[in-house]
Amino acid sequence: MVTRLFEAKPFIICELGSSWRMLADITNSVNLIKAMGADALKLQAFTSEALYGGPEEPMPYSLPLEWLPSIKEKCDKAGLELMVTAFSPELVEAVDPFVSVHKVASSDLSYPQLLDRLKRTGKPVILSTGASGAADVRQALEHLDRAKTVLLYCNSAYPSTHHNLFQIDTMRETFQLPVGLSDHSLDVIYAPLAAVKFHNAVVIEKHFTPIPEVYTPDRRHSLDATDFKIMCDHLRGKADTSDFQPTREEHAMMLRHNRRLVASRTILPGEQLVFGKNYGAFRTLEDDPHGLSPFLWNDEAVGPECRTATKTISQGKGIGPGDYQ
């Protein structure tokens, strides 16, 4: 198995984590994840015994290992790399046949038995470093093959608000290794793009949910498909940044809070439209894509000023094409 880890600029990991309910949620998302622009789909393999020492009992969102062959087959057909974070040496052994690169969670950076088992696979390892200091990272690297290790700067809060991308440079200089970003923030563009463009991050890992309408443990720090693709397009240089355009999160501002031509009282058919008398430049209480820009209020071609209403326009509703003649 060959990985694009050291070739892609950057290598984008789509962390599915616990954002699934059934096998179909994962397999049905493979082609979408590829189309969004990611290099890898990542899952997590854990058990109560691996995390807490027991008792061995089912845990919600614990990946059934018997799913791995079908997930791997689907990923291979799509040209998408499969990654699985294993939380014990035994689980490393179970997932190893299905992956070409291993990922270590920040919480397991201090687990030498796990790191030793990963080193014996002979495969590259991506090591997240959240909630750890330089001494912790240095100790962990003693148990790994440095030539096959990539570090990820990470703030382990979910979602994170205090992330310092300059630490990517510090880590690279300190450990003389390639460094990327495991980004738990909800920033779609700036944090991942700045990490790559200004701090030479070689890997970007970001949480994604294929079922945004469903609550899962990872939902609140996961991007949906539209935002994940926006991120990938910026990272791949495919986004058009030549003009100012409203963003998705400005939808309410654009359609509700930005002023538009709005009826200040109910206007009846045949009534003349007069700015300041029966309409003006106002906000609306609901999203309104219909009301014209106030700059057009007296435009000779399309403006409503002194024209005649052709229909009843309720108070608070936008005034636009088809409402007057």
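So, where is proline 10 found? Proline 10 sits in the segment before strand 1, the strand that covers 11-15. Keep in mind as we go that this is a predicted model.

Proline 10 is part of one of them: lysine 9 and proline 10 are joined by a cis peptide bond, with omega at about 0°. Another cis bond links tyrosine 158 to proline 159, and there omega is about -10°. If you want to find proline 159 on the screen, go to the loop between strand 6 (149-154) and helix 8 (166-175).

Now for phi. Alanine 131 isn't a glycine, yet its phi is positive, about 60°. You'll see alanine 131 in the loop that runs between strand 5 (125-128) and helix 7 (134-141). Is alanine 131 buried or exposed? Alanine 131 has a relative accessible area of 79%, so it's exposed; the cut-off for that word is over 50%.

Asparagine 200 also has a positive phi, about 55°, and asparagine 200 isn't a glycine either. Look for it in the loop between helix 9 (190-197) and strand 8 (203-207). Asparagine 200 comes out at 49% relative accessibility, so we call it partly exposed.

Okay, on to the sheet. Strands in a sheet pair through backbone hydrogen bonds, and they can do that parallel or antiparallel. Here we have an open sheet of 8 strands with parallel pairing, and the order reads 3-2-1-8-7-6-5-4. Which strands stand at the edges? They're strand 3 (81-86) and strand 4 (102-104); each has a single partner strand, so one side of each has no neighbour in the sheet. On average, neighbouring strands are turned by 25° against each other, ignoring direction.

Let's zoom in on one pair. Strand 1 and strand 8 run parallel and share 5 bridges. Among the residues involved is glutamate 15, whose bridge partner in strand 8 is histidine 207.

Definitions and conventions: Residues are numbered from 1 along each chain as its sequence is written. This is a predicted model: local features need pLDDT of at least 70, side-chain atom pairs count only at pLDDT 80 or more; totals for chains, interfaces and linings use all residues. Side-chain values use heavy atoms; hydrogens and water are left out. Helices (H or I, at least four residues) and strands (E, at least two) are DSSP runs, numbered from the N terminus. Buried means under 20% relative accessible area, exposed over 50%, partly exposed in between (1.4 Å probe, protein chains only). Two strands pair if DSSP finds at least two bridges between them. Axes are lines fitted to C-alpha atoms, for helices over the stretch in contact, and angles run from 0 to 180 degrees between N-to-C directions.
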